[in-house]
Amino acid sequence: MILYDIPYNRQLAVDYADRWAYFRNPAFYDFSAIGGDCTSFASQCILAGGGVMNFTPTFGWYYISLNDRAPAWTGVKFLFNFLVNNTGVGPYGHEVDISEIMPGDICQLIIDEEDWQHTPVIVSIDGDVANYDTVHVAAHSYDCNCRPLSSYAITEARFIHIDGVRSMLPIEPMEPIEPMPPAAPVERAEPEIPPEEEITE
């Protein structure tokens, strides 16, 4: 199978974060009440910048519906493992020092638990040096935008730089997913979460 490298559009990823940081795109389920929506939001931002999902069962990175999605779409550790190990279609990256991150990248935090629990999206860096005071993030669950990373009570942090995107077709990244018209509130179905999937913010 021939794979094509296409650019990761960081500006589209940041634009998506700015648009949806305090709202929910109705094209995606809101996981806030069942473990946290931050990693799904990070995945949406990465998708906006890359436009390509990986539909490999279990180990891919995709969202079709609440009950048809990869663990990496919503799980903190699963997203990290997918991005740094992906050799197929979709986004890929590697862990870097904070000094090497750029807007459109993501970070993952340990705050008040013993494991990785939160996935904010880097939206801006003040000045020329990236550090906890100059890096600003957007996130869901504890909704925020342009929040200084230093405002979190961080026990540990890791930073993932998105290197690019692979596609089976030589395409440009798609435009951000357009929101559907507002609809009347509906009662949500009880989600069916695979037992091996651990969703944490």
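Helices (H or I, at least four residues) and strands (E, at least two) are taken here as DSSP runs, numbered from the N terminus. Colleagues, the structure above is a predicted model, in which local features need pLDDT of at least 70 and side-chain atom pairs count only at pLDDT 80 or more, while totals for chains, interfaces and linings use all residues. Residues are numbered from 1 along each chain as its sequence is written, and side-chain values use heavy atoms, with hydrogens and water left out.

I begin with the loop between helix 2 and strand 2 (63-65), where Thr58 is placed. Thr58 is not a glycine, yet its phi is positive, at about 70°. Most residues other than glycine have a negative phi. With a relative accessible area of 46%, Thr58 is partly exposed; the term covers values between buried, under 20%, and exposed, over 50%, using a 1.4 Å probe and protein chains only. Cys146, in strand 8 (residues 144-148), also is not a glycine and has a positive phi, of about 55°. Its relative accessible area is 43%, so Cys146 is partly exposed.

Next, the helix pair. Helix 1 (residues 10-20) packs on helix 2 (residues 38-50) at an angle of about 140°, and their axes are 7 Å apart. Axes are lines fitted to C-alpha atoms, for helices over the stretch in contact, with angles from 0 to 180 degrees between N-to-C directions. The two helices are therefore oblique to each other, a class left over once angles under 35 degrees (roughly parallel), over 145 (roughly antiparallel) and 65 to 115 (roughly perpendicular) are set aside.

Which residues of helix 1 meet helix 2? They are Leu12, Ala13, Tyr16, Ala17 and Trp20, facing Phe41, Gln44, Cys45, Ala48 and Gly49 in helix 2, where contact means heavy atoms within 4.5 Å. By class, this contact holds 8 nonpolar residues, 2 polar and no charged; Ala, Val, Leu, Ile, Met, Phe, Trp, Tyr, Cys and Pro count as nonpolar, Asp, Glu, Lys and Arg as charged, and the others, Gly among them, as polar.

Cys45 is buried, at a relative accessible area of 1%. Beyond residues up to four places away in sequence, Cys45 touches Tyr8, Ala13, Tyr16, Ala17 and Val121. Trp20 has 5% relative accessibility and so counts as buried. Its C-alpha atom is separated by 9.5 Å from that of Asp143, 123 residues apart along the chain.

Finally, strand 4 (residues 90-96) is mostly covered, with 5 of its 7 residues buried. Strand 4 runs antiparallel to strand 9 (residues 156-167), joined by 7 bridges.

Methods:
Pairing = 2+ DSSP bridges.
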